[in-house]
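Please read the following explanation alongside the sequence and the three-dimensional view.

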Amino acid sequence: VLDNSHDRIRSVATDESKKYVALEYEGAKSATHLIILQRAETTDAATDEGAPPEEHNVGSLQGYTLLHYLKPSQVKMFLGFYNGNVVYLGPHLWVRTANLKVLRQGNKRFFKHFFIPHEYIGGNYCVQAVVGRSGEVVFPRRGMLVVVRGGISQSKKPPTRDPSTGH
């Protein structure tokens, strides 16, 4: 997927279990792409319940396979992982999530949680928004922080699908 001289990696992140990796990159015309990878299943004794977890070298991405790809029409910015979900800002400035286990089962449902006003995006001196450990979404804005608490964990919006993309 990264085969163009115009592609530039913006961020790489793993979930807490290191079972999933998100790779956000900028393609042609500064378009954002998001690749979600999953660690390949192993069948050795280390996967038995109670055995210590196996260490994985995420730096090389060996042992990871493609789980899902979000093209520029589906994602504006990757925010992080929270509570078994990938969290990102959609193109229409909605904070959205997808449950990683559900994605793994082939279900491509994404949830809209809350809208971010356009003025919270940009003017952040190249510091990107993130989702924190408690699900708060933090947007840097001209030396200040805008923090949205409970927007992901407390929202009960039904799953949505974009008719043009199926997401």
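The paragraphs below describe the elements, the sheet, the cores, the aromatic pairs and some single residues.

The structure is a predicted model, in which local features need pLDDT of at least 70 and side-chain atom pairs count only at pLDDT 80 or more, while totals for chains, interfaces and linings use all residues. Residues are numbered from 1 along each chain as its sequence is written, and side-chain values use heavy atoms, with hydrogens and water left out.

Read from the N terminus, the order of elements is β-β-β-β-β-β-β-α-β-β-β-β-β. Of the 167 residues in the protein, 41% are buried; the term buried denotes under 20% relative accessible area, exposed over 50%, and partly exposed the range in between (1.4 Å probe, protein chains only). The accessible surface of the protein amounts to about 9900 Å², and carbon and sulfur atoms account for 51% of that surface. These areas come from the Shrake-Rupley method with a 1.4 Å probe, and for residues only the protein chains shown count as cover. Among contacts (heavy atoms within 4.5 Å) between residues at least 6 apart in sequence, 45% join residues at least 24 apart.

One part of the fold is an open sheet of three strands in the order 9-10-11, with antiparallel pairing. Strand 9 (130-131) and strand 11 (144-148) stand at the edges with a single partner strand each, so one side of each has no neighbour in the sheet. Two strands are taken to pair if DSSP finds at least two bridges between them. Strand 9 and strand 10 pair in the antiparallel sense over two bridges, and V130 stands opposite V138 in strand 10.

Attention now turns to the interior. A nonpolar core is a set of buried Ala, Val, Leu, Ile, Met, Phe, Trp, Tyr and Cys residues joined through side-chain atoms within 4.5 Å. The largest such core has 16 residues, of which L89, V95, V137, F139 and I152 touch the most other members. At least two residues of this core are supplied by each of strand 5 (77-82), strand 6 (85-89) and strand 10 (137-141). Strand 5 provides the largest share, three residues. Which residues does I152 touch, not counting residues up to four places away in sequence? They are Y82, V87, V95, T97, H113, F114, V131, G135 and V137. Another core, of 15 residues, lies apart from the largest one and has L34, V75, F81 and L100 among its members.

A pair of aromatic rings is described by the distance of the centres and the angle of the planes. Rings of Phe, Tyr and Trp (its six-membered ring) pair if their centres lie within 6.5 Å; planes under 30 degrees apart count as stacked, over 60 as edge-to-face and the rest as tilted. The structure holds three aromatic pairs. In one of the three, the ring centres of Y88 and F110 are 6.1 Å apart and the planes stand at 80°, so the pair is edge-to-face. Because Y88 belongs to strand 6 and F110 to strand 8 (residues 110-115), the pair ties together parts that are 22 residues apart in sequence. Y88 is buried, at 0% relative accessibility, and F110 is buried with a relative accessible area of 0%.

The rings of W94 and F115 have centres 6.3 Å apart and planes at 70°, so this pair is edge-to-face. W94 lies in strand 7 (residues 94-99) and F115 in strand 8, so the pair ties together parts that are 21 residues apart in sequence. W94 is partly exposed, at 24% relative accessible area, and F115 is partly exposed, at 44%. K112 lies over the face of W94, at 5.2 Å from the ring centre; a charge sits over a ring if NZ of Lys or CZ of Arg is within 6 Å of the ring centre and within 35 degrees of the ring normal.

Some backbone details remain. N83, in the loop between strand 5 and strand 6, has a positive phi near 50° although N83 is a residue other than glycine. L93, in the loop between strand 6 and strand 7, likewise is not a glycine and has a positive phi of about 70°. Are these residues buried or exposed? N83 counts as exposed at 63% relative accessibility, whereas L93 counts as buried at 7%.

Technical notes
Helix = DSSP H or I, 4+ residues; strand = E, 2+ residues; numbered from the N terminus.
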